[in-house]
Amino acid sequence: MHVCPLCNGMRTVQRTCSECGGEMTDQGKVVDFMGDYSPYLDIEIVKTVDGVRDSTSSNTCVHLFQCLGCDAQMTEVILEISK
Ligand SMILES: [Zn+2]
Ligand SMILES: [Zn+2]
């Protein structure tokens with residue numbers, strides 16, 4: 001069985017904002033935000049899903065990251081790990 005290490009609190013990931021160099025923190029699974037943010041995020045999700053379709057698409061979890069400095073958002077595909 002595969003689980004997402006971020007969703008399960010096993011690991012925390014931070015990224016550097018490409019806009020301002022600030023700290024981007026994990027906001028959770030993108031699917032939890034769909035509906036609220038869809039027009040903007042849909043494009044990113046489609047792009048991401050396309051990129052991993054041929055590899056391990058069933059064992060990934062797409063997370064939303066938000067910058068603490070300028071509120072920029074991005075998505076990142078997290079590989080799930082076997083438990
Ligand atoms: Zn996750
Ligand atoms: Zn920023």
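**Reading the model step by step**

Modeller: Along the sequence, the protein runs through the pattern β-β-β-α-β-β-β. That pattern comes from 1 helix and 6 strands. Please keep in mind that this is a predicted model.

Biologist: What makes the arrangement around the zinc ion (ligand 1) tetrahedral?
Modeller: Start with the donors: Cys 4 (SG), Cys 7 (SG), Cys 61 (SG) and His 63 (NE2) coordinate the zinc ion (ligand 1) at 2.0 to 2.2 Å. Four donors count as tetrahedral if all angles lie between 85 and 135 degrees. Here the 4 donor atoms subtend angles of 102 to 115°, so the arrangement is tetrahedral.

Biologist: How do you know that those atoms are donors of the zinc ion (ligand 1)?
Modeller: The cut-off for a donor N, O or S atom is within 2.8 Å of the metal, and these atoms lie at 2.0 to 2.2 Å, so they count as donors. Along the chain they follow the spacing C-x2-C-x53-C-x1-H. Two of these residues, Cys 61 and His 63, are buried.

Biologist: Why is the arrangement around the zinc ion (ligand 2) called tetrahedral?
Modeller: The test is again that all angles of four donors lie between 85 and 135 degrees. Around the zinc ion (ligand 2) the 4 donor atoms give angles of 100 to 117°, so this arrangement is tetrahedral. Its protein donors are Cys 17 (SG), Cys 20 (SG), Cys 67 (SG) and Cys 70 (SG), 2.3 Å from the ion. Their spacing in sequence is C-x2-C-x46-C-x2-C. Cys 20 sits in the loop between strand E2 (14–16) and strand E3 (23–29), while Cys 67 belongs to strand E4 (residues 60–67), so this pair ties together parts that are 47 residues apart in sequence.

Biologist: Is Cys 67 buried or exposed, and how do you know?
Modeller: Buried means under 20% relative accessible area. Cys 67 has 1%, so Cys 67 is buried. Cys 20 has 42%, so that residue is partly exposed, as the class covers values between 20% and 50%.

Biologist: What does Cys 67 touch?
Modeller: Leaving aside residues up to four places away in sequence, Cys 67 touches Cys 17, Cys 20, Gly 22, Glu 23, Met 24 and Ala 72. Cys 67 is also one of the 10 residues of the largest nonpolar core, which includes Cys 4, Phe 65 and Ile 78. Strand E4 gives the most to this core, with 3 residues.

Biologist: Why is Met 1 called exposed?
Modeller: Exposed means over 50% relative accessible area. Met 1 has 74%, so Met 1 is exposed. Met 1 lies in the segment before strand E1 (2–3), and touches Ile 81, Ser 82 and Lys 83, not counting residues up to four places away in sequence.

Biologist: How do you know that E4 and E5 pair?
Modeller: Two strands pair if there are at least two bridges between them. E4 and E5 are joined by 7 bridges, so they pair, and they run antiparallel. One example is Phe 65, whose bridge partner in E5 is Met 74.

Biologist: What makes E2 and E5 edge strands?
Modeller: The open sheet has 4 strands in the order E2-E3-E4-E5, with antiparallel pairing. E2 and strand E5 (73–79) each have a single partner strand, so one side of each is left without a neighbour in the sheet. From one strand to the next, the twist averages 40°.

How values were computed:
Residues numbered from 1 in each chain as written. Chains lettered and ligands numbered in written order. Predicted model: local features only at pLDDT ≥ 70, side-chain atom pairs only at ≥ 80, totals over all residues. Heavy atoms only, no water. Helix = DSSP H or I, 4+ residues; strand = E, 2+ residues; numbered from the N terminus. Buried < 20%, exposed > 50% of the residue type's maximum accessible area, 1.4 Å probe, protein only. Contact = heavy atoms within 4.5 Å. Donors = N, O, S within 2.8 Å, 3.2 Å for Na, K, Ca; no water. Tetrahedral: all angles 85-135°; square planar, octahedral: opposite > 155°, others 65-115°. Axes fitted to C-alpha atoms, helices over the stretch in contact; angles between N-to-C directions. Core = buried A, V, L, I, M, F, W, Y, C linked by side-chain atoms within 4.5 Å.
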